[in-house]
Amino acid sequence: MRILASVQRGGAAAQGQRYLVEAPIMFESIRPFLETLTNVNPSSIPFARYLAHPENGTLEGVNLQLPTFASIPNYSMDLSGLFNQPTDLRLYPSDPGSVERARVMLKAESRLDPSQADAVLDTLVSDVSMIQGPPGTGKSFCGTEILQVLVANKVRPILLIAFTNHALDNILVQVLEKKITDKVVRLGSHSKHEVIVKYGLKELLKTSSQSGMGKAASAERWKLKDIQKDMETLMEKIVKRIVPIGDMGSHLTKQYPNHADELDKPPFWVDKLFEDSLEWENADGRPVAATLLQFWLEGGDLAFITPPAPPSEEPNGLLEDGKLWEMSISERRCLYDFWVNEVREMSYEKDSTAFELLRNRHSEARAKFDGLENETKLEILKKGDIIGCTTNGAAKLAGLLKSLGPKVLLVEEAGQVLEAHILASLVPSIEQLILIGDPLQLRPTLANYSLSMDNKRTGQIYRFDQSLMERLSEMGLRMSRLDVQRRIRPAISHLIRSTLYEHLDDHPLVQQYPHVRGMAKDVFFLDHRHAEEGGGEESVSKSNTFEVLMIKDLVMHFLRQGTYSQSGDIVVLCAYLGQLQKIRLALAKEVTTVIDDRDAAQLVDHEEQENQATVADTMSKGSVEQVDVSKRV
């Protein structure tokens, strides 16, 4: 920290010192957030009355306000899209009576269950809202229903962000499948879903290249490429340090006119040899020597005589001797090398100036191109109802999003998003913030365990992995809760009902699940005394060989039942990367193992650190497959 402070003060730069700072994580992944939060004016962040830490430490009793767009007198919203049957229902957000009538009607007649109806309605009348949903209660469903109402009532543009590409693509696909709108723009290039690819900003830029703005940007792109080629040519010349024979002739004429005159007026027999040599060719068809200087350097005349031993090969001595045609081949090369170094030194300043001019031209062209491209991007974004991107993408394009001026920010999987990521996405134009997730499930991922809330020593000091949703809910801000789950069999939901979700109800659908074939019980816990191997408290490389072998046999047992043979029928969840690595190896020869994109990236890093050559060999043979989660699991 002292070194960084010195650099910021300018002391290191004044002394000509340079520092290399190594970070334990990839800096590029956090750079957009640091830059955005550094440049933002704290007073411009929306919803400060909720987001700032109150002096009394609580938000209980704080009244949520209407979104700015809904606070206009007599403003109303059409909610007919929430019903399967044609129904006329208008909501006047500023009228409590209208809100309660809409609540009763939505619970009775809409496709929402009562808890979903409360969550959707509370969201529509609040500038900051949170929807908590245990697994299978329809969090994403509520998100799409809210989007449907907002789009139908021309509340746009809406910025939709999620931490993972998978979560983002999942809700965008639902938007398109439900035909809420086809004016969707997906920022970033990491979408693997075939339905979403054509809505990517890069693809839309290609189709807009015929517009006036697009043509101008395309023209600037070609100018930029031409300048880059000129820079590459100049750099190639500087790096190779080649002095063309023509440049050397010009140098001699200016700096050594006597030597240049000597070269141009060789003895008669040398001149005759040179003229004859113009008809000679090398094996590649090139002339032996195209100029007298080249003929002199390569000793074309010396091939016909035996010169005396060289008196000196010192450049200064050779310069004093103006009889160039009487020099030996070694003297000629020594003198020529001296001239070459001289030309290089003299051309360095000229080349540096030329490169600086090219760099300035490149910077100007780049700025102009970026400006035109951003205008084209902005033109495309303004036509969209929903702009979708990951939190990383939102931070990288903060300037563009600020120019766009979205009205609503909806965060999917908000319980797994760092608070800093959401703050970086809160451009001043946002009038409504919607957080959908579950702070009782996974927290955001941190690379440094000492900053986590789970760390007993420092967790309560830093609390870096406490999401904004968890913090606001703990401080007492109202959070809607979804209470009917449609995914988990009752034997499993009972476990979380008795610990986390006391109001959780089971939908009749989950009562009809068949029993697990090959097992005496649908839910089974195994307790053993085989300790974990490797790693300390903060390590991610722990593993348990006993469990690995047991899981392998159990997977094979399920496969033999004949019922669970489809992709995604069997899922193995691991608490540590080290365990995932060993389980994948154990199953590699038996079945195709599929892991999601985030685990795949983390596992590659982990395997590189552990130098697992065997695992790398297994992956190269194709026995382990890495594919998009949405397609297989």
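When I call a residue buried here, I mean that its relative accessible area is under 20%, and please keep in mind throughout that this is a predicted model.

With that cut-off in hand, let me start with helix H7, residues 139-152, where the buried residues are Lys139, Ser140, Cys142, Gly143, Thr144, Glu145, Ile146, Leu147, Gln148, Val149, Leu150 and Val151. Because twelve of the 14 residues of H7 are buried, this helix is largely enclosed by the rest of the structure. From its first C-alpha to its last, H7 reaches 20 Å, which is close to the 20 Å expected at 1.5 Å a residue, and the helix is followed by Lys154, whose phi is positive, near 60 degrees.

What does the sheet look like? It is an open sheet of seven strands with parallel pairing, in the order E5-E6-E4-E7-E8-E3-E9. Strands E5 (184-186) and E9 (480-481) stand at the edges with a single partner strand each, so one side of each is left without a neighbour in the sheet. Further in, strand E4, residues 158-162, pairs with strand E6, residues 386-390, over five bridges, and the bridge partner of Ile158 in E6 is Ile386. Helix H7 packs on this sheet, touching E3, E4, E6, E7 and E8, and its direction makes about 160 degrees with that of E8.

Finally, I turn to helices H5 (residues 96-109) and H6 (residues 114-124), whose axes come within 9 Å and cross at roughly 150 degrees, in a right-handed crossing. On the H5 side, Val99, Ala102, Arg103, Leu106 and Lys107 meet Pro114, Ala117, Asp118, Leu121 and Asp122 of H6, and the residues of this contact divide into six nonpolar, no polar and four charged.

Note on methods
Residues are numbered from 1 along each chain as its sequence is written. This is a predicted model: local features need pLDDT of at least 70, side-chain atom pairs count only at pLDDT 80 or more; totals for chains, interfaces and linings use all residues. Side-chain values use heavy atoms; hydrogens and water are left out. Two strands pair if DSSP finds at least two bridges between them. Helices (H or I, at least four residues) and strands (E, at least two) are DSSP runs, numbered from the N terminus. Contact means heavy atoms within 4.5 Å. Axes are lines fitted to C-alpha atoms, for helices over the stretch in contact, and angles run from 0 to 180 degrees between N-to-C directions. The expected span of a helix is 1.5 Å times one less than its number of residues. Buried means under 20% relative accessible area, exposed over 50%, partly exposed in between (1.4 Å probe, protein chains only). A crossing is left-handed if the near helix is turned anticlockwise from the far one by less than a right angle, and right-handed if clockwise. Ala, Val, Leu, Ile, Met, Phe, Trp, Tyr, Cys and Pro count as nonpolar, Asp, Glu, Lys and Arg as charged, and the others, Gly among them, as polar.
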